[in-house]
Amino acid sequence: MVKKKLNVKSAKELDGATVCVQSGTTTELNLADYFRANNMKFTPVVFERLDESVNAYVSDRCDAYTTDRSQLASLKVSQGRPRTTT
């Protein structure tokens, strides 16, 4: 998930991005695999708890946020406005 203001249309445009992610999750491993497979660099901003990673993303500490699809959908709904795209 990235904020609309970044005007990102594809994950392949995230080379060099900071990405909020929860530690110890499959998502964390998939994130690293994706960037490695596409020969891209990123800086993971890792948090132990889901709410910490969400709060960091919402407060602009990261360029992107990743988790499973259901949690991304929940975040969009909880924000109450079309501020982000998936």
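Tutor: What follows takes the model from its overall layout to single residues.

Student: What secondary structure does the protein have?

Tutor: This is a predicted model, and its secondary structure comes to three helices and five strands. From the N terminus on, the elements run β-β-α-β-α-β-α-β.

Student: What is the average pLDDT of the protein?

Tutor: The average pLDDT is 87, and 90% of the residues score at least 70.

Student: Which elements have the lowest and the highest mean pLDDT?

Tutor: Strand β5 (residues 84-85) has the lowest mean, at 48, whereas strand β3 (residues 42-47) has the highest, at 96. Over residues 81-86 the pLDDT is below 50, although this stretch has 19 contacts in the model beyond near neighbours in sequence.

Student: How much of the protein is buried?

Tutor: Of the 86 residues, 31% are buried. As for contacts with a separation of 6 or more, 63% of them join residues 24 or more positions apart.

Student: Let us turn to the helices. How many residues does α1 have, and what span does it reach?

Tutor: Helix α1 (residues 26-37) has twelve residues and reaches 16 Å from its first C-alpha to its last. That is close to the 16 Å expected at 1.5 Å a residue.

Student: Which residues of α1 are buried?

Tutor: They are T27, L31 and F35. Seen down the axis of α1, these buried residues fall within an arc of 70°, so they line one face of the helix.

Student: Why do residues three or four places apart in an α-helix point the same way?

Tutor: An α-helix has 3.6 residues a turn, so residues at that spacing point the same way.

Student: What covers the buried residues of α1, and which residues are exposed on the other side?

Tutor: The cover includes β2 (17-22) and β3. On the other side of α1, the residues T26, L29, R36 and A37 are exposed. Just after α1, N39 takes a positive phi of about 50°.

Student: Back to T27: why is it counted as buried?

Tutor: T27 has a relative accessible area of 17%, and it counts as buried because the cut-off is under 20%. Leaving aside neighbours within four places in sequence, T27 is in contact with V21, T66, T67 and D68.

Student: And α2, which of its residues are buried?

Tutor: In helix α2 (residues 50-58), the buried residues are S53, V54, A56 and Y57. They cover an arc of only 160° around the axis, which puts them on the same side of α2. Just after α2, D60 takes a positive phi of about 65°.

Student: S53 has a polar side chain. What lies 2.8 Å from a polar atom of that side chain?

Tutor: The backbone oxygen of L50 lies at that distance from it. S53 itself counts as buried, at 0% relative accessibility.

Student: What else is S53 in contact with?

Tutor: Leaving aside neighbours within four places in sequence, S53 is in contact with C20, V21, Q22, F47 and Y65.

Student: How far apart are A64 and T18, in sequence and in space?

Tutor: They are 46 residues apart in sequence and 6.5 Å apart in space, C-alpha to C-alpha. T18 is one of the residues that A64 contacts beyond four places in sequence, a list also including M1, V2, L14 and Y57.

How values were computed
Residues are numbered from 1 along each chain as its sequence is written. This is a predicted model: local features need pLDDT of at least 70, side-chain atom pairs count only at pLDDT 80 or more; totals for chains, interfaces and linings use all residues. Side-chain values use heavy atoms; hydrogens and water are left out. Buried means under 20% relative accessible area, exposed over 50%, partly exposed in between (1.4 Å probe, protein chains only). Helices (H or I, at least four residues) and strands (E, at least two) are DSSP runs, numbered from the N terminus. The arc is that of the directions from the helix axis to the C-beta atoms. A polar contact is a pair of N or O atoms within 3.5 Å; within protein, one must be able to donate a hydrogen and the other to accept it, and residues adjacent in sequence count only if both atoms are side-chain atoms. Contact means heavy atoms within 4.5 Å. pLDDT is the predictor's confidence in each residue, from 0 to 100. The expected span of a helix is 1.5 Å times one less than its number of residues.
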